Amino acid sequence: MGGVKLIVSDFIISFMWPWTTILIKIFMYNPLGLGFETKDDIIRCGVSVINMFVFAWFSKLTKGGAYNPLMVLAPAMSGDYSTFLYTVGARIPAQIIGSITGVSYIIKTYPELGHRDPLNIDIHRGALTEGFFTFIIVLISLGLTAKIPGSFFRKTWISSISKVALYILSADLTGGYMNPASVIGWAYASGKHLTKEHLLVYWIAPIGATILAVQVFRLVVRPMLHENAKANAKKSD
């Protein structure tokens, strides 16, 4: 029963994510009339961090509900086979369907909204860019879970700032998604969800980067954290 609740939570949260993104953009550009000055960028970043805190709270409230397949795939790869199958076969499809459903309702509600192709560089550089930034954010996420597992505020703050920073660096190149479910919602609406560009840049590269990040964390980072913990314990003694 708990597994079904988590799947439903994934769907609902993935449905809500594109909605909040669009509503924030509408609010920023229409009522507030923000431009491209430094203070406007700071306000946008601040609102984005607050939005991530809200969704982190949703995740905590639902005991693990998520809108990013990569964030559930990474820990599943470190678990048992049944957990991995449950994640790949149920949770990730729920996130994809939630995103596609959310975007479809956005288009019906705001038909005047356009959505340009986020890929502004060639397909190979796009795959490297999206993969590289995905590798960093997954590694940060795994490190935070291991280093400060019980601190909701600290972990969410570091994670949110990291995501915003990486988004700023990659937004003009690939859209800075680092989330296949978010991209497929808009790609499906425009009929581009099966194109080579979409599959390579926003699915194959991020998933490959996630697998690499998990292996690097397991073989390099985790032993280093254990060694540091032992050294600190000896110093306290």
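Two salt bridges are found in this structure, which is a predicted model. One of them joins the side chains of D10 and R91, with a nitrogen-to-oxygen distance of 2.6 Å; D10 belongs to helix α1 (residues 2-29) and R91 to helix α4, so this pair ties together parts that lie 81 residues apart in sequence. The other brings together the side chains of R125 and D122, at 2.7 Å from N to O.

**Overall build**

- The chain contains eight helices and zero strands, so that its pattern, when read along the sequence, is α-α-α-α-α-α-α-α.
- Of the 237 residues in the chain, 39% are buried, and the chain exposes about 13,200 Å², of which carbon and sulfur atoms supply 68%.
- Among the contacts in the chain with a separation of 6 or more, 77% are accounted for by residues 24 or more positions apart.

**Nonpolar cores**

- The largest nonpolar core has 12 residues in all, including A74, F133, F135, L166, M178 and F217.
- Helices α5 (123-147) and α8 (196-236) each supply at least two residues of this core, and α5 gives the most to it, with five residues.
- L166, one of the members of this core, is in contact with F133, I136, I137 and M178 when its neighbours within four places in sequence are left aside.
- Apart from this core lies another, made of nine residues, among them I13, M52, F53 and F58.

- F53, which is one of the residues of the nine-residue core, has its place in helix α2 (residues 38-61).
- At 17% relative accessibility, F53 counts as buried, because that value falls under the 20% limit.
- Not counting residues up to four places away in sequence, F53 touches F152, F153, T156, W157 and S160.
- F53 and F153 are 100 residues apart along the chain, while their C-alpha atoms are separated by 8.4 Å.

**A nonpolar patch on the surface**

- Y81, F84, L85 and V88 form a nonpolar patch on the surface, and together these four residues have about 390 Å² of accessible area.
- Y81 is placed in helix α4, which covers residues 81-109.
- With a relative accessible area of 62%, Y81 is exposed, because this value is over the 50% limit.

**Annotated transmembrane regions**

- The unreviewed UniProt entry carries the annotation "transmembrane region" for residues 6-29, 41-59, 132-152, 164-188 and 200-221.
- In the model, the span of residues 41-59 is 100% helix and 0% strand, and its end C-alpha atoms lie 27 Å apart.
- Over residues 164-188, the chain is 80% helix and 0% strand, with the end C-alpha atoms 25 Å apart.

How values were computed:
Residues are numbered from 1 along each chain as its sequence is written. This is a predicted model: local features need pLDDT of at least 70, side-chain atom pairs count only at pLDDT 80 or more; totals for chains, interfaces and linings use all residues. Side-chain values use heavy atoms; hydrogens and water are left out. Helices (H or I, at least four residues) and strands (E, at least two) are DSSP runs, numbered from the N terminus. Buried means under 20% relative accessible area, exposed over 50%, partly exposed in between (1.4 Å probe, protein chains only). Contact means heavy atoms within 4.5 Å. Accessible areas come from the Shrake-Rupley method with a 1.4 Å probe; for residues, only the protein chains shown count as cover. Patches are made of residues with over 30% relative accessible area and no salt bridge: like charges are joined within 9 Å, nonpolar side chains (Val, Leu, Ile, Met, Phe, Trp, Tyr) within 5 Å. A nonpolar core is a set of buried Ala, Val, Leu, Ile, Met, Phe, Trp, Tyr and Cys residues joined through side-chain atoms within 4.5 Å. UniProt positions are given in the numbering used here, feature names are shortened, and annotations may be inferred rather than shown by experiment.
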